Amino acid sequence: QVVSVPTPLHDRPHHLFSPAMAQPAAKKAKTEEEEAVKTTEEVEEKAEEKTEEPKEPEPPVEHEQDAKPVKGPKITEPVAFHTSDTTMNVMQGLYGNILMPLTDGGLQYFVAAARGSTGLKSGRYAFEVKLIEIMNPADDPQARQRMPGPRHSLRVGFSTASSSLFVGETEDSMCFDMEGAFIHNKTKSTCSQKFGVDTVVAVVLNLDATSPNANTISLFSNGVRASQPQPLPDSLKGKTLFPTVAFKNVTVHYNFGPTMIVDLPFSCHTLGSALAKDAVVNPSPAKDAKHEVVFPVCLPDEGTFDWLDMFLEKNPGHTELSDRAILQWAAQSGIVKARGVKSSNDKPEFGFGVTALDNHSIKRVLQAIAPLQERDYIVMEVKSNIITDERKELVSKWASSGLKRRAQVMMGEPPAAFKKRSQELALKEKQEQSDLEFKVKLAETKKKKELEKKQKKLEKEKAKALKKQQKAQEAIKKKLEVEKKKKEAAAKGEEYVEEEEEKKEEEPEEEEPEEPEEEDEAMDEDPPTVQLTDEEKKQSFRQGTVPDLTPYSMNTSFIKFAIPEKDEGFDEVSFEWAKEPKCKEFLKQWIQDKKTTTRVEDLQPGDWFLAQWKDWQKILQSWHSKQNIYKAQVTKKAADKAAKQAKKAAAAAAKEHKAKAAVAKKVAAEKAKKEAAEKGEIVEAEEEKEDEPMEEPEEEEEEEQEDSKVDFDKLDVFGIEDILDVGGGEPLFSTFGFEDWTMMSLRFELHLLAHAFKRDVNDPDRMGIHLEHLSFYYQKYYKKSMNQKFYGVETMQELLDLLKDTVYVTKKTKVVEAQLPTEFESLGVFVMLTEEARRDRVRRVDLGDETARLKLQNPAMPQAGAQGSLLPRPAVVVSGIRPAAAPVPGAVRPAGAWQQPGSFRPPMAGQVRPFGNVGGWRAPTA
């Protein structure tokens with residue numbers, strides 16, 4: 001390998017260099033030296049600049065001026081935090097203007113908040129807050145994962161009188177927090193440095209129209225401006241604003257004046273020395289004021305929480321005590337709740353993932369502190385407030401509080417104002433649901449159109465690429481043809497002349513114009529406006545997606561609902577919608593109606609049911625055994641008969657063969673004798689020996705007497721005295737298959753269930769099992785599920801229609817009733833009913849009615865003796881067993897068959913028939 005090495009400059013030929021070439025090189029070197037010097041000087045200058053100390057920015061010009069001396073009357077009542085304007089976890093010190101939060105029972109995760117009693121509508125005033133202590137209560141390790149917010153927090157600001165106490169969370173409040181942010185309507189913007197323990201912060205609200213900082217709020221830390229004036233949000237301009245503090249796990253000291261703890265750069269009046277014309281004062285409650293605790297008594301799902309919301313709008317001073325209020329408080333404190341299905345409004349699941357919250361210990365703390373605070377309460381416990389024993393227990397906790405205990409009953413027909421409110425809320429919910437569905441549909445349409453557009457673009461690009469490929473192939477083909485022609489011309493010694501067509505340049509492709517995008521009018525459409533239907537307008541109460549009580553809680557407690565009485569510990573019982581007698585009458589009828597449609601959750605099978613069920617299992621097993629024995633006997637008889645016939649046939653064939661052999665021998669002898677006579681030979685005559693007859697087996701003289709046979713298909717099913725022997729030892733159920741045994745078992749189970757329910761529930765108001773709850777009680781009594789689809793039908797009503805001879809459903813109340821009496825002499829009636837149904841089914845199928853055919857599934861059968869129904873094994877087809885035949889057309893059952901001794905025929909639904917041994921039982925009509 002040869003490597004090329006550059007020749008040194010001094011070894012190169014002289015003719016390669018000239019003065020003209022050397023001069024530019026010298027200039028270039030000189031320029032580089034000058035640039036290097038210049039760069040060095042710049043670097044040194046920059047280094048000197050860096051060594052210089054940075055200059056502090058000039059402080060902004062303070063536009064706030066010293067306050068002028070006030071003239072006119074001042075507010076006379078000191079600014080304070082009234083108990084009704086604080087959250088329940090706020091503890092106020094008797095001296096020193098101290099606020100601290102409760103931290104037990106999970107309250108360390110909840111924000112405490114308080115609003116002052118004096119609001120400002122004009123002027124410039126300030127108040128101070130000092131962070132005294134940061135508290136560190138015991139924390140749950142899981143809480144940090146569930147609560148992303150800071151463990152300690154402090155907010156100071158202003159809010160309107162009707163706003164939430166959690167300042168900064170709504171559009172009618174604003175504040176600064178200890179992290180240095182200005183907050184309004186949950187929107188944060190950093191405006192100052194953080195502040196901590198021993199820091200005195202002052203909030204200045206400037207509503208002076210003549211000031212350069214009019215309609216602003218400012219924060220000062222230890223007397224120094226911490227933020228530039230923040231303009232008031234438009235939603236707060238012109239409103240009366242009250243000082244508000246929100247804090248968590250910290251202790252604070254507040255100062256409303258008349259003097260400041262730390263002086264500001266300018267003199268400023270304090271909130272406590274405000275002029276009367278600039279302020280609005282909420283007076284303190286009178287010392288002898290009587291507070292109350294209200295216990296609403298409402299029926300579940302009949303306007304409970306809608307009434308509560310209306311009550312709180314009219315009485316904002318009342319504090320709600322309920323699980324709903326705790327969850328709302330948690331959400332406003334930034335506590336994240338795990339997603340889950342809400343099962344009820346009265347007792348919603350907490351599901352925070354923090355033990356201190358999920359164990360409901362917060363309710364214990366609040367219940368302990370509530371009677372000690374001077375405020376009005378409303379205790380919303382839907383279930384406990386309407387049950388006497390639980391209501392007494394609730395009221396007893398307020399006995400020593402000094403509060404007036406009042407029960408307020410809302411039952412019956414609500415007033416027009418409440419109906420209007422309910423329909424407005426129902427319409428709002430319906431509109432929101434419609435809007436959501438519209439948005440989803442719109443998004444799907446947009447996605448579909450985008451997909452179609454993308455598909456068209458791909459198809460267009462694919463066609464363009466294919467066209468380009470075809471042109472390239474044509475160009476290659478044309479080039480090959482030209483080369484071929486050149487070779488042919490060269491072979492002939494001729495010069496190839498390119499044709500004019502070949503010289504023509506390819507015309508540039510015309511780009512297809514892009515299709516104009518269609519304006520999607522559907523995207524600009526507004527959601528449709530919905531209206532309530534006539535049926536919805538008739539409803540007095542709004543039906544939400546979540547019930548007030550869980551189905552189990554409702555079913556186990558509604559029979560204990562009662563109107564409150566004064567002797568339960570109430571100072572007053574008031575009735576808002578109707579007077580007491582009408583309320584009691586309404587509640588009585590409501591409970592009666594509920595008994596028909598609700599199930600008894602704690603119902604247990606009684607001894608009578610267990611005994612009847614045990615007897616049925618035993619007799620059902622014996623019937624299975626009887627059917628198997630009979631089938632085995634039929635099979636054996638058929639086999640014996642076939643063997644005997646085969647033996648007789650063999651004997652007859654042997655006898656015939658012997659007779660033919662004797663005849664053949666005799667013919668041969670005659671022929672031989674005749675041939676000998678023709679030849680003149682003397683043939684000695686052989687003595688003919690008579691064939692000894694073969695000893696045939698002696699047949700039994702006494703032939704088996706065949707059992708007396710009966711015409712099974714012509715039997716009167718309900719006239720049979722013994723179902724185990726209808727003739728010749730054949731049982732009535734000899735032809736039963738899997739579906740017959742299954743339907744017979746179901747007949748008895750539903751019959752027994754209908755009677756056992758009435759015995760066990762022991763309540764004359766409960767007429768029976770509602771159709772909707774039949775599968776529930778079936779599971780509870782028989783410990784197995786009841787699925788109508790197993791029987792080939794879609795609804796429970798269709799299943800019971802297959803068993804109309806045993807049970808039926810009342811038309812009005814939809815209650816399952818039994819056709820048969822509670823007890824009778826023999827359970828064989830269920831065999832009779834099943835056999836009659838089988839014959840009817842076969843007859844209808846033979847006539848072409850395929851709907852009569854059962855469509856039962858045939859899963860693996862449980863073994864006999866196992867818990868549950870003793871279902872039989874699938875029927876085995878045995879030769880010799882008579883198939884089920886259809887009744888003779890036109891045959892009529894003898895009228896006297898009904899009166900045969902021991903006969904029993906159950907009536908169909910709506911029929912009345914006498915019973916021989918039942919004592920004239922009469923079936924109820926549907």
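Residues are numbered from 1 along each chain as its sequence is written. Because the model is predicted, local features need pLDDT of at least 70 and side-chain atom pairs count only at pLDDT 80 or more, while totals for chains, interfaces and linings use all residues, and side-chain values use heavy atoms, with hydrogens and water left out.

A cavity is a set of points on a 1 Å grid over the protein atoms alone where a 1.4 Å probe fits but cannot get out, and its lining residues have an atom within 4 Å of a point. There are two cavities of 30 Å³ or more, the volume being the space filled by probe spheres set on the points, which are joined across faces, edges and corners.

| Cavity | Volume | Lining residues include |
|---|---|---|
| Largest | about 40 Å³ | Lys595, Phe757, His770 and Tyr777 |

The lining of the largest cavity has three nonpolar (Ala, Val, Leu, Ile, Met, Phe, Trp, Tyr, Cys and Pro), three charged (Asp, Glu, Lys and Arg) and five polar residues (the others, Gly among them).

The axes of helix H14 (residues 738–761) and helix H15 (residues 774–782), lines fitted to C-alpha atoms over the stretch in contact, come within 11 Å and cross at roughly 90°. That makes H14 roughly perpendicular to H15, a term for angles of 65 to 115 degrees. In the contact (heavy atoms within 4.5 Å), Leu746 and Phe757 are among the residues of H14, and Leu774 and Tyr777 are among those of H15.

Technical notes:
1 Å grid on protein atoms, 1.4 Å probe; cavity = no way out; pocket = protein on both sides within 12 Å on 5 of 7 lines; lining within 4 Å. Axes fitted to C-alpha atoms, helices over the stretch in contact; angles between N-to-C directions. Helix = DSSP H or I, 4+ residues; strand = E, 2+ residues; numbered from the N terminus. Parallel < 35°, antiparallel > 145°, perpendicular 65-115°, else oblique.
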